[in-house]
Amino acid sequence: MAGDQALSIAFDRSLHTRISARDKVLTPYQASECLLLEDGTIDAFAFTGQRSEAVNDPRHGNGRRHTVTGLSAEGVEKQVAVTFFEQLPGMALLQTRYRNQGAGPLQVVGWRNAAHELADAPGGFWSFSGATHEDRRDWVLPLGAGFEQRNTLSMAASDYGGGTPVANIWRRDVGLAVGHVEPVPRLLDLPVRRTAKGASIAVECLQPVTLAPGQSLATDRTFLCVHAGDHFAPLAHYRRFMQDEGIVAPQAPESAFAPIWCAWGYERDFTVAQILATLPKVRELGFEWAVLDDGWQTNEGDWRIDAKKFPRGDDDMRAFVQAVRVEGLRPRLWLAPLAADPGSDVLHRHADMLLLDEDGAFQKVSWWNALTQCPAYQPTVDYYVALVKKAIGDWGFEGIKLDGQHLNAVAPCHNPAHGHAHPNESCEKLADFWNAIHAAAREANPEAVVELCPCGTAFAFHNLPATDQYPSSDPLSSWQVRSKGKTMKALIGGGSSYAGDHVELSDGGDDFASSVGIGAVISSKFTWPKDTDRPTAPLPPGGYVLTPEKEALWRKWVDLYRQHMLPKGDYLGTLYDIGFDKPEAHAIARDGALYYAFYADEWTGPVQLRGLGEGRYRVRDLFNETDLGTVDAQANTLDATFSRFLLLQATPAGERA
Ligand SMILES: OC[C@H]1O[C@H](OC[C@H]2O[C@H](O[C@]3(CO)O[C@H](CO)[C@@H](O)[C@@H]3O)[C@H](O)[C@@H](O)[C@@H]2O)[C@H](O)[C@@H](O)[C@H]1O
């Protein structure tokens with residue numbers, strides 16, 4: 001039996017495992033770690049021995065490692081090492097080694113670790129997946145009948161892949177999370193399935209290999225985490241573990257928390273005059289960033305200034321930056337690195353930069369109709385580092401918005417010109433590419449903000465050290481803004497910032513509440529005084545123009561945002577379960593006050609204010625500017641009626657923020 005106070009793993013005589021949470025048995029014995037063959041599995045290993053030893057890891061501290069060994073009928077020796085660290089209760093690190101002790105070669109198609117099936121319970125299951133899906137589906141989903149997601153961390157399409165290598169399933173009472181803790185992306189799958197009796201989860205590697213007699217195979221370092229509540233707690237555990245492995249979010253500059261206005265409302269055919277004319281309104285409303293988006297350049301790849309918009313080239317770009325500053329705003333520039341358009345000079349002169357598959361074919365970046373360049377090829381790195389230095393050091397931008405679903409992950413590269421040690425180097429060194437960009441930006445301006453926006457893909461965790469700001473990235477709904485936000489709060493910790501992306505992409509195009517209430521930075525791409533008459537795609541009904549009614553609402557939300565600055569607070573992610581608690585709720589502690597945000601289409605009933613300290617709290621509805629009475633930790637519910645959202649501030653009685 002291996003375990004700590006929160007999770008224990010018992011092995012039977014076949015090395016199948018049974019897991020328990022705080023002494024409550026969660027599963028029967030199951031074949032949790034096995035080898036995958038073309039026509040089945042090797043999953044029964046007769047127990048041969050075990051040992052347990054204390055570990056003192058320089059990064060993770062004190063812990064205990066249990067090693068259990070067995071031998072299969074096919075002559076494969078199995079050794080499972082399970083390590084628990086005191087500072088991460090409930091999280092078991094698992095690594096399995098298999099050795100072919102037989103006389104002949106063994107064809108293996110892969111391996112599976114941490115495979116468990118949880119039995120059904122009232123209310124069913126919810127699930128989080130950190131893997132990317134081309135249809136940009138929700139990261140957090142209920143497990144309906146027939147639910148099945150492969151959750152591959154490999155490429156799901158030529159420009160969609162990667163993500164955060166964690167998945168979980170949870171019931172009302174308990175959850176299981178699995179993933180890997182390797183310092184570079186691994187092309188594993190994290191399959192989640194609704195089964196006849198409950199739900200299953202696992203880590204799988206599908207990479208065929210032939211094990212010659214005497215040869216061994218070691219799995220990646222994987223983990224199993226048992227937890228209460230939704231996916232927040234295991235993701236925070238994962239983040240803490242990876243932080244000790246050296247993958248840490250940078251301390252974002254203060255300006256990464258400032259409200260953002262983006263000129264993308266004018267789309268690609270904008271005019272500089274349109275943007276400049278909007279800036280006074282941007283400032284007046286309280287936004288601080290002004291983002292020059294897609295369309296300033298001749299194409300993706302060359303990144304030359306479009307002379308139709310900036311006739312004097314560099315001089316006009318510097319003048320534009322200066323004009324933004326004169327308005328009291330911070331200029332940020334949009335870029336889509338690693339994409340080269342057909343017809344661009346870089347494609348002809350530096351075809352060597354292209355990422356090629358095993359057939360010598362290029363990979364496509366959709367939406368921009370460009371070709372992917374290889375991030376693990378030094379000339380590509382140098383090319384984009386030079387561009388970032390120019391944008392920040394010469395033109396004077398104070399931030400960059402790096403954009404594109406291909407930012408997250410790239411396919412293995414077989415370009416012979418790159419001399420890769422192995423094709424997966426392109427995937428594994430993508431984070432190094434972003435780190436070089438981030439370092440170049442900070443070198444040019446120590447306060448520069450680097451925003452990484454991978455267009456609807458799941459956040460690639462290994463890019464974290466290069467990310468000052470992560471937006472909800474083309475959200476399809478307000479639920480995505482909030483559920484991605486909760487996820488990112490767990491993954492990035494306190495240092496960097498999560499932005500709700502353009503409010504125009506939220507429900508109704510005006511749902512600032514879904515950003516403000518969860519502590520996301522607010523952003524808008526409103527136009528003023530009128531919309532573009534040359535939209536790239538049909539504008540939504542009403543367009544993006546700031547009508548007087550919208551202006552009053554935008555102003556109110558920007559004021560609320562700036563007054564309370566909730567992204568700087570402490571997001572209390574374990575207080576509410578985003579799947580099971582109704583209404584959906586989020587809580588943030590800031591400067592002695594607690595903030596609560598509740599969401600539902602319509603709600604009449606109790607709302608519970610969890611996490612209150614000692615004494616009484618006065619409760620105020622911040623949006624409607626009404627006092628709702630007092631509560632304390634024992635009597636912490638209020639009857640409420642609201643549509644869409646309710647944003648409350650609870651301050652210790654006698655004082656108000
Ligand atoms: O090209 C600059 C933009 O790049 C990202 O967006 C790319 C996506 O653009 C479209 O999506 C949206 C909705 O997300 O649709 C609107 C109308 O075209 C547009 O305003 C939105 O961005 C495409 O439909 C989608 O496939 C692309 O992935 C970035 O997120 C934007 O902020 C711009 O920088």
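Visitor: What makes H5 and H7 partners in this predicted model, and which residues of H5 meet H7?
Guide: Contact here asks for heavy atoms within 4.5 Å. On the H5 side, Thr380, Val381, Tyr384, Val385, Val388, Lys389, Ile392 and Gly393 take part, and they meet Phe433, Ala436, Ile437, Ala440, Ala441, Glu443 and Ala444 of H7. By type, that contact splits into eleven nonpolar, two polar and two charged residues.

Visitor: How do you know that domain 2 and domain 3 touch, and how many residues are in contact?
Guide: Going by that cut-off of 4.5 Å between heavy atoms, 21 residues of domain 2 are in contact with 15 of domain 3. The two domains bury about 1500 Å² between them, with 64% of it on carbon and sulfur atoms. Their C-alpha centres sit 31 Å apart.

Visitor: What is omega for the cis bond joining Trp528 and Pro529?
Guide: Omega is about 5 degrees there. Pro529 belongs to the loop between strand E35 and helix H10. There's also a cis bond from Lys582 to Pro583, with omega near -5 degrees, and Pro583 is in the loop between strands E36 and E37.

Notes: Residues numbered from 1 in each chain as written. Predicted model: local features only at pLDDT ≥ 70, side-chain atom pairs only at ≥ 80, totals over all residues. Heavy atoms only, no water. Helix = DSSP H or I, 4+ residues; strand = E, 2+ residues; numbered from the N terminus. Nonpolar A, V, L, I, M, F, W, Y, C, P; charged D, E, K, R; others polar. Domains from an automatic or database assignment. Buried area = accessible area lost by both parts, 1.4 Å probe.
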